[in-house]
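Visitor: Take me in close to the ligand site, please. I'd like to hear what touches what, with cut-offs.

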Amino acid sequence: MIVVMSPEATEQEISHVVQKIKSLGLTPHAEKGEVRTVIAIIGNVAILREHSPEAWPGVENVMPIMKPYKLVSREFQKHDTIIDVKGVKIGGKQVHVMAGPCSVETKEGLISVAKAVKASGATILRGGAFKPRTSPYAFQGLGEEGLKYLADASAATGLPIVTELMDPRDIDIICRYADIIQIGARNMQNFRLLQEVGKTDKPIVLKRGLSATILDLLMSAEYIASEGNRKIILCERGIRTFETATRNTMDISAAPVLKQLTHLPVIIDPSHGVGKWDLVAPMSKASIAAGADGLIIEVHQNPEDALCDGPQSLKPTKFDVLMKELKKVAEAVGRSM
Ligand code: PEP
Ligand code: MN
């Protein structure tokens, strides 16, 4: 249910409504818009029938949210959410590119990639310290040492960092270093993990699960939002289909579909989407043309020797050429870069 307050509603009336909702055992989530405040009510809202919320002072209108996801829906919030990460505004007119290696390997390597991607126009540095690998024998990431290298690379370039959290036991240490927490595809429906990051105030990149529908992705985002954290960036990264020519099938329609259904920023990861470096450029251009608010791209100083995802990683020189092309695509669709 949504309670729309009238533009003239006073602060007192708004807090009265919030208190009233709480006293009925329901959870209010208020969103202060430029003109009016809208309050989503979560819980067993049937009880409201006996309390005529339409008649509460300052209330203009009361209506149901038809979708199963509530706080992340466009029904609840009409305007786009813009997430500010140390001055980088994700979800606005400017398209942002997050770039860096799949996994953090060496300090020197990471700093050199960070400097290169920054010079090419990337605004966020990516890099995994805790890696979700299919094989237990594959490189699992450097753990805290990797986080320290990310901090060094961030200090050297000024780029905020995004890094993956796999386990609630690592949440404190990840929060100490990360500017954005990534929830990987394999954990998209790890609901306890989603609830934990929902209690933090860090922006979250939530990647679509390997076999998740758009509805599944939005319900997972709702898990985070329902705990209080609405700074969520949704990420399409390819799904499993019968097609084997690419690593995954990149669902480009996810961008415009999600932009209709939710107010949250949407980014696309063409590196995992296709799994081949030479397909990253065309899919990146298509993503921006389709309305994505940003991209996350794997870049490695020497992809042949990468410990993870080398075949889909761009060399810094190739990334630089791509960024120049992407700027033109962004401008052609009314965005900046
Ligand atoms: C990654 O970003 O390196 C990663 C493991 O992504 P995903 O969870 O989408 O596979
Ligand atoms: Mn990767």
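Guide: A polar contact here is a pair of N or O atoms within 3.5 Å. This is a predicted model, so local features need pLDDT of at least 70 and side-chain atom pairs pLDDT 80 or more, while totals for chains, interfaces and linings use all residues. Residues count from 1 along each chain as written, chains are lettered from A and ligands numbered from 1 in written order, and side-chain values use heavy atoms, with hydrogens and water left out.

Let's start with ligand 1. It has 13 residues around it (a heavy atom within 4 Å), and Arg 126, Lys 131, Ala 185, Arg 186 and Arg 237 come nearest. Lys 131 puts a polar side-chain atom 2.9 Å from a ligand 1 oxygen. Lys 207 does likewise, with a polar side-chain atom 2.9 Å from an oxygen of ligand 1. As for cover, ligand 1 has 300 Å² of accessible area on its own (Shrake-Rupley, 1.4 Å probe), and the protein covers 97% of that.

Now for ligand 2, a manganese ion. Its protein donors (N, O or S within 2.8 Å; 3.2 Å for Na, K and Ca) are Cys 102 through SG, His 272 through NE2, Glu 298 through OE and Asp 309 through OD, at 2.0 to 2.4 Å. Along the chain, those manganese donors read C-x169-H-x25-E-x10-D. Cys 102 sits in the loop between strand 7 (96-100) and helix 2 (107-120), and Glu 298 in strand 14 (294-298), so the pair ties together parts 196 residues apart in sequence (DSSP runs: helices H or I, at least four residues; strands E, at least two).

Note on methods:
A polar contact is a pair of N or O atoms within 3.5 Å; within protein, one must be able to donate a hydrogen and the other to accept it, and residues adjacent in sequence count only if both atoms are side-chain atoms.
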